[in-house]
Amino acid sequence: MGLFDQFRSIFAKASTPATPAPAPEVKVAALEDRRTRSRVNPREGTRILLIDDSPTIVTALKRILRSAGCVTLEALDAESGLELAQNQHPELIFLDIVLPGMNGFAALRALRKDPVTKDIPVIMISGNEQATEQFFGTRIGADDFMKKPFSRFEVFARIERLLDENQIPRRPKTASIPQPSQPAVAMQQA
């Protein structure tokens, strides 16, 4: 028996399972719920800014959003995106984290500091699996976080969470976070 035949016999034995693997469990209830529950879209003509350096991602998001009657504005870098946000006043922004030049976190900080753009809801997008990005993004002021690759269902679910009663995207009302010195003062007074 040659060396190749020995390897083949070893790997053939290792790859043959003794018992068949169980079939993956399909979450039928989740699929049925998604299909039967009516989707709440943003109102017709909602302006959404897409800031991502991938033309593929921009095109995919553009098609998904335009199918629901949204108007899209596109930028392939943060600097162009910030300029569009200033001049076009979008009602929602999808912002990638990894961008050429200024990254998404720096762009988000700039959006939150600017009185013209500070109240625009921002959904951060990343292909990275790290939860630290999501945590950091929410600390700076992101309103939601979406991982790549994403589905049409997920895009609309993220948007729906930000819609008000008139189907207009709004930043969620959050409780003010006390400054680090305030709890210590409150404890001293008590």
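Me: Is S126 buried or exposed?

Reply: A word on the ground rules: this is a predicted model, where local features need pLDDT of at least 70 and side-chain atom pairs count only at pLDDT 80 or more, while totals for chains, interfaces and linings use all residues. Residues are numbered from 1 along each chain as its sequence is written, and side-chain values use heavy atoms, with hydrogens and water left out. Buried means under 20% relative accessible area, exposed over 50%, and partly exposed in between (1.4 Å probe, protein chains only). S126 has a relative accessible area of 2%, so S126 is buried.

Me: Which residues is S126 in contact with, leaving aside neighbours within four places in sequence?

Reply: S126 lies in strand β4; strands here are DSSP runs of E, at least two residues, and helices are runs of H or I, at least four residues, numbered from the N terminus. Contact means heavy atoms within 4.5 Å. On that count the partners of S126 are D96, I97, E133, F145, M146, K147 and K148.

Me: What order do the strands of the sheet take?

Reply: Overall the protein has eight helices and five strands, and from the N terminus on its elements run α-α-β-α-β-α-β-α-β-α-β-α-α. Two strands pair if DSSP finds at least two bridges between them. The five strands form an open sheet with parallel pairing, in the order β2-β1-β3-β4-β5.

Me: Which strands stand at the edges of that sheet?

Reply: Look for strands with a single partner, so that one side of each is left without a neighbour in the sheet.

Me: In β4, which residue is the bridge partner of I93?

Reply: β3 has a neighbour on either side in the order β2-β1-β3-β4-β5. β1 and β3 pair in the parallel sense over four bridges, and I51 has L95 as its bridge partner in β3. Four bridges also join β3 to β4, again running parallel. There, the partner of I93 is V122.

Me: How far apart are the C-alpha atoms of L49 and F94?

Reply: L49 lies in strand β1 and is buried, with a relative accessible area of 0%. Leaving aside neighbours within four places in sequence, L49 is in contact with L73, E74, G81, L84, A85, P90, L92, I93 and F94. L49 and F94 are 45 residues apart along the chain, yet their C-alpha atoms are separated by 6.2 Å.

Me: At about what angle does α7 run to β5?

Reply: Helix α7 (residues 152–161) lies across β1, β3, β4 and β5. In α7, E154, V155, F156, R158 and I159 are buried, and their cover includes β1, α3, β3, β4 and β5. Axes are lines fitted to C-alpha atoms, for helices over the stretch in contact, and angles run from 0 to 180 degrees between N-to-C directions. On that scale α7 runs to β5 at about 175°.

Me: Which residues of α4 and α5 make the contact between these helices?

Reply: The two helices pack at an angle of about 20°, with their axes 10 Å apart. The contact is made by A78, L82 and A85 of α4 and A107, A110 and L111 of α5.
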